[in-house]
Amino acid sequence: MSASLKSLLLRHETILGVLLVVTLIVLAMQSDRFFTTDNLLNQGRLMAEIGLIALAMTFVIVTGGIDLSVGSVVGLVAILLGVFWQKLGVPLPLAMVLGVLVGGLAGLGNGLIITRFGVPPLIATLATLALYRGLAEGISQARSVRGYPEWFFMLGQGEFLGVPVQLWIFGLCALVAAVILGLSTFGRATYAIGSNSIAARFSGLSVDRTLLLIYTGSGLIAGLAAVIFVSRVSTTRSDMGTGYELDVITAVVLGGTSIFGGRGTIIGTLLGLVLMQALKNGLALSGVKGDGTIVVIGAVLIGTILISNIFRKDADG
């Protein structure tokens, strides 16, 4: 076996792909409702928002950072979308744009705290997780916003060529993210920062600017996910997006992105995301309760990482 073929077979993405195929076969044998077109498209609709945020989170974690505030940004943007439109009388298309921009500002705030004040990403975004959620709850006053026009639901409930609209958006964003991270100068700078930020800085890379762009992008994508979320569920609440950060980070790490930075791919994140959603849906259809599903996902996460690390050590000799 050639060295290049052996290297390909031992890649985390290859191992995860094999595991995903086996998992799909097993889950399909457990329930005849799992492998139906309607169920698969519905699962794609449900995972689109987490998937969008996971794309941006891949960049963040590749730099060696973390963004725990994304779920709170979703809640803040969701409630502001309703407030802009219903309370302030802003036209709904403009309110959607403003909501996404607020998400970008929230991400920029994270980036500034991290780069200008040297606060570790874990601490900075843990603080803004509480800050943004508190703002969402304070603005909403525990009230929800309903009564959106019918055209708005096309984004979260409509279809184009038989495929949910948000899946088209997610697919386009995934393609763009894969090209930027894998083929562009910006992507190479992202990996360099994650591998050794000090060496990257001495090499002339604009580390702070790159980090600011990545955290701002994370906020923008979280804002877009919030708009799609509101469109899908037809209402606005301040608790929307609660716990999203854990699902997003799980999908990204399951996909092989190193929590220490310097390594990770968009393809790996997509595989991790699909595997996680398949387990949630397939186990639920098989009658496994929510707690059991969480245990299985945790076990799969640990097992996949251990197997990948063992093969990587063997490959390194």
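Q: Why is serine 234 called partly exposed?
A: Its relative accessible area is 25%. Buried means under 20%, exposed means over 50%, and partly exposed is what lies in between (1.4 Å probe, protein chains only), so serine 234 lands in the middle class. You'll find serine 234 in the loop between H11 and H12, with a positive phi near 70° even though it isn't a glycine.

One word on the ground rules: this is a predicted model, where local features need pLDDT of at least 70, side-chain atom pairs count only at pLDDT 80 or more, and totals for chains, interfaces and linings use all residues. Residues are numbered from 1 along each chain as its sequence is written, and side-chain values use heavy atoms, with hydrogens and water left out.

Q: What makes leucine 161 exposed?
A: Leucine 161 has 68% relative accessibility, so it counts as exposed. The loop between strand S1 (159–160) and strand S2 (163–164) holds leucine 161, and its phi is positive, about 55°, although it is not a glycine. (Strands are DSSP E runs of at least two residues, helices are H or I runs of at least four, and both are numbered from the N terminus.)

Q: And how do you know that lysine 289 is exposed?
A: The relative accessible area of lysine 289 is 69%, which makes it exposed. Lysine 289 sits in the loop between H13 and helix H14 (290–316).

Q: Why are H3 and H11 called roughly antiparallel?
A: Their axes cross at roughly 175° and come within 8 Å. Axes are lines fitted to C-alpha atoms, for helices over the stretch in contact (heavy atoms within 4.5 Å), and angles run from 0 to 180 degrees between N-to-C directions. Under 35 degrees counts as roughly parallel, over 145 as roughly antiparallel, 65 to 115 as roughly perpendicular, and the rest as oblique. H3 and H11 are therefore roughly antiparallel. Among the H3 residues that meet H11 are Leu52, Ala56 and Phe59.

Q: What makes H12 oblique to H13?
A: The axes of H12 (residues 244–254) and H13 (residues 266–285) cross at roughly 120° and come within 7 Å. That makes H12 oblique to H13. The residues of H12 that meet H13 include Asp247 and Leu254.

Q: Where does H3 bend?
A: H3 (residues 37–62) bends by about 45° at alanine 48, the bend being the angle between axes fitted to the seven residues ending there and the seven starting there. H3 is also mostly covered, with 20 of its 26 residues buried.
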